[in-house]
There are 2 protein chains.
Amino acid sequence: MTELGGDNGLYYDDLRIGQRFTSKTHVVDEEQIKAFARQFDPQPFHLDSEAAKDTLFSGLVGSGWHTAAITMRLLVEGGLPVAGGIVGAGGELKWPNPTRPGDTLQVESEVLDLRPSQSRPDRGVAIVLSLTRNQRNEVVQRLTAKLIVRRRVRIMRRSAPGVIIYLFIGRD
Amino acid sequence: MTELGGDNGLYYDDLRIGQRFTSKTHVVDEEQIKAFARQFDPQPFHLDSEAAKDTLFSGLVGSGWHTAAITMRLLVEGGLPVAGGIVGAGGELKWPNPTRPGDTLQVESEVLDLRPSQSRPDRGVAIVLSLTRNQRNEVVQRLTAKLIVRRRVRIMRRSAPGVIIYLFIGRD
């Protein structure tokens, strides 16, 4: 990587612990649940409403990975407005309740921690908790993600191998 | 839930700590990466090979959630043969390396821990580590999942509210 492009989102330096963000909503229907399952999680409780009745879930439910993917879409489309995009190194994931057909999902995120990178002055790590809830306010996913977020610096030039000059980018 | 149907897979009682499983392989191409991104993670480094060159990744990479979804498919299709299907309550997820177009992914899983349910004699919790590797043997995903696995018991009848009689299912 050489230079980091400009962006309207928030940089690491703009984030504060306790800061919160709310996404728009997404309605999950039966066809979406089955389409995701056919591609990535072909199990009866995600594929077949009749067969799902006799399973642990007593009915059709979305794959947890589908809930995770929808959550990501909601974060990318304004739910977590970080500069340069949402880049995750990993995280902790819980699905306390299943997503069911007809559910309206929304994600609320909170910055839990911020750590500047020791080795790379152009980035920091943000720990962000994202709770995905349905219309009954039940949590269907609890994600604590470790995100790599750009700092307000720009790499100017590499004057010699291993030497990089950084320039601070002022706040608008 | 009333009764748990029969299945050819492994029950909780058949699992052992240290047991390992290997999935088949899956080749990820550029079109799959872009299709997943269009639906769930529409960011330049997942959507556009040209634009991706100037990002953190220096080229097109798959969404981490795409890697997770492919991993699930490989687990469901023989990579983790548990009875009644793979039901996850959550887990810990790391993406040490990105998935790139042309990568061949394969998942190796290991049972790390086993805990019978205290309240439900018909199930147990298995902690399973699943490492997804590419053809260069680099780990693209490290998933430590908490799975709900059926025990070799069958609910016989509810003789009174709160009273359930369980029957042990013999090994074939």
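Along its sequence, chain A follows the pattern β-α-α-α-α-β-β-β-β-β-β. Chain A holds four helices and seven strands, where helices (H or I, at least four residues) and strands (E, at least two) are DSSP runs, numbered from the N terminus. This is a predicted model, in which local features need pLDDT of at least 70, side-chain atom pairs count only at pLDDT 80 or more, and totals for chains, interfaces and linings use all residues. Residues are numbered from 1 along each chain as its sequence is written, chains are lettered from A and ligands numbered from 1 in the order in which they are written, and side-chain values use heavy atoms, with hydrogens and water left out.

Of the 172 residues of chain A, 46% count as buried; buried means under 20% relative accessible area, exposed over 50%, and partly exposed in between (1.4 Å probe, protein chains only). Among the contacts in chain A with a separation of 6 or more, 65% come from residues 24 or more positions apart, contact meaning heavy atoms within 4.5 Å.

The strands of both chains come together in an open sheet of 10 strands, with the order 1(A)-3(A)-4(A)-5(A)-2(A)-2(B)-5(B)-4(B)-3(B)-1(B) and antiparallel pairing. Two strands pair if DSSP finds at least two bridges between them. Strand 1 (20-27) of chain A and strand 1 (20-27) of chain B stand at the edges with a single partner strand each, so one side of each has no neighbour in the sheet. On average, neighbouring strands of this sheet are turned by 25° against each other, direction ignored. Within chain B, strand 2 (residues 87-94) and strand 5 pair in the antiparallel sense over seven bridges. B:Gly91 has B:Ala145 in strand 5 of chain B as its bridge partner.

Helix 4 of chain A packs on this sheet, touching strand 1, strand 2 (87-94), strand 3 (104-116), strand 4 (123-133) and strand 5 (139-150) of chain A, together with strand 2 and strand 5 of chain B. The direction of helix 4 of chain A makes about 120° with that of strand 1 of chain A. Axes are lines fitted to C-alpha atoms, for helices over the stretch in contact, and angles run from 0 to 180 degrees between N-to-C directions.

Helix 4 of chain A also meets another helix. The axes of helix 1 (residues 30-40) of chain A and helix 4 of chain A come within 10 Å and cross at roughly 110°. These two helices of chain A are therefore roughly perpendicular to each other, a term for angles of 65 to 115 degrees, with under 35 degrees counting as roughly parallel, over 145 as roughly antiparallel and the rest as oblique. In this contact, A:Gln32, A:Ile33 and A:Phe36 of helix 1 meet A:Trp65, A:His66 and A:Ala69 of helix 4.

A:His66, in helix 4 of chain A, is buried, with a relative accessible area of 3%. Leaving aside neighbours within four places in sequence, A:His66 is in contact with A:Val28, A:Gln32, A:Ile33, A:Phe36 and B:Phe40.

Two loop residues remain. A:Ser58 is found in the loop between helix 3 (49-52) and helix 4 (64-79) of chain A. A:Ser58 has a positive phi of about 50° although it is not a glycine, and at 44% relative accessibility it counts as partly exposed. B:Asn137 is in the loop between strand 4 (123-133) and strand 5 (139-150) of chain B. B:Asn137, not a glycine either, has a positive phi of about 70°, and at 56% relative accessibility it counts as exposed.
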